[in-house]
Amino acid sequence: MKKDICCIGHITRDKIVTPGHTIYMSGGTSFYFAYALSHLPKDVSYELVTKVGADDMKAVNDMRAAGIEVKSFPSAHTVFFENIYSANPDERSQRVLAKADPFSIDELSGEEARVFHLGALLSDDFPTELVRYLSHKGLISIDAQGYLREVRGTNVYPVDWKDKREVLACTDMMKVNENEMQVVTGLSDPHEAALKLADWGVREALVTLGSAGSLILSEGHFYDIPAYKPRRMVDATGCGDTYMAGYLWCRCRGMGIEESGRFAAAMCTLKLEHSGPFDRTADDVLKVIQAASELSRRVC
């Protein structure tokens with residue numbers, strides 16, 4: 001059965017080291033994306049395709065128990081990130097202690113979807129020929145972050161990705177943050193960067209700008225999306241993945257770009273207020289937007 005959204009990406013095993021403690025948890029683009037979708041109305045169908053090592057099937061089984069449809073292929077290893085934070089939480093060193101096998105055309109030949117969301121964690125997760133193959137089956141949505149990480153030994157280095165122009169030529173939607181847009185385009189102005197992505201073939205270029213909101217370019221028109229202030233800032237991990245989950249859910253429902261962007265931004269606001277994946281409802285998201293609209297009217 002053809003899904004509305006097929007998210008493809010590795011689930012990770014993360015080791016988080018701080019001066020006070022060490023914890024292990026699951027993560028990755030596909031992890032946060034799928035859990036976010038699971039809390040929205042089921043009129044948009046979706047599936048997660050992932051690869052993990054035999055010792056890490058618990059994360060997959062937990063997702064299935066939460067009602068998420070997961071297809072898992074075997075891998076020699078699970079992606080294993082180690083993030084070490086100093087007393088200053090903005091200072092982090094990152095290593096990759098294990099890599100999962102990349103995805104292949106043979107594994108995904110039976111997948112049918114309106115949108116394929118590719119949640120790369122590392123630059124070699126998705127061979128270019130696989131992206132091209134999937135683009136003939138549905139729309140391609142890409143989160144740039146993993147394409148810009150290269151592993152040498154166990155260390156992670158920021159890079160522009162191989163075959164970028166060929167990949168972007170068959171990409172319908174792409175999300176970058178303000179740092180990623182500079183690596184990909186060489187431009188520091190978000191409007192110019194979005195225009196460059198469009199020149200390279202991206203139909204909807206989404207640039208997230210943190211507390212400054214986000215910018216979406218489609219068919220030559222810019223949409224300015226506000227950021228909604230959270231009640232408290234707890235954990236930004238997975239916010240970009242939550243944004244894309246909300247945005248694609250809305251677009252698959254036939255909603256417009258600006259409305260979809262606002263819904264996605266409000267989902268991020270709720271995600272910021274706690275650790276772990278998004279766990280609220282669509283009604284909660286709409287309340288954030290409504291409250292901001294009412295406040296704006298009172299100020300005016």
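## Surface and overall build

The protein chain has an accessible surface of about 13,500 Å², and carbon and sulfur atoms own 50% of that. Keep in mind that this is a predicted model.

As for dimensions, the C-alpha trace covers about 60 × 50 × 40 Å along its principal axes. Of the 300 residues in the protein chain, 53% are buried.

## Fold content and contacts

Ten helices and 15 strands make up the secondary structure tally of the protein chain. Now take the contacts in the protein chain with a separation of 6 or more: 63% of them come from residues 24 or more positions apart.

## Charges

How many positive and negative side chains does the protein chain carry? The count is 34 positive and 42 negative.

Strand 10 covers residues 149-152 and strand 11 covers residues 155-158, and the two pair in the antiparallel sense over four bridges. One of the bridge pairings joins Arg152 to Asn155, the latter in strand 11.

Two residues lie between the strands of this hairpin. Gly153 has a positive phi there, near 70 degrees.

Most residues other than glycine have a negative phi. With that as background, a couple of backbone angles are worth a look.

Asp163 has a positive phi near 60 degrees, and this residue is not a glycine. Where does Asp163 sit? It belongs to the loop that links strand 11 with helix 5 (164-168). The relative accessibility of Asp163 is 32%, so this residue counts as partly exposed, the class between the 20% and 50% cut-offs.

Glu219 is the other case to check: its phi is near 50 degrees, again positive in a residue other than glycine. This residue is in the loop between strand 14 (214-218) and strand 15 (221-225). Is Glu219 buried or exposed? Its relative accessible area is 82%, and exposed means over 50%, so Glu219 is exposed.

Conventions: Residues are numbered from 1 along each chain as its sequence is written. This is a predicted model: local features need pLDDT of at least 70, side-chain atom pairs count only at pLDDT 80 or more; totals for chains, interfaces and linings use all residues. Side-chain values use heavy atoms; hydrogens and water are left out. Buried means under 20% relative accessible area, exposed over 50%, partly exposed in between (1.4 Å probe, protein chains only). Contact means heavy atoms within 4.5 Å. Accessible areas come from the Shrake-Rupley method with a 1.4 Å probe; for residues, only the protein chains shown count as cover. Lys and Arg count as positive and Asp and Glu as negative; His and the chain ends are not counted. The place of a charge is taken as NZ of Lys, CZ of Arg, CG of Asp or CD of Glu. Two strands pair if DSSP finds at least two bridges between them.
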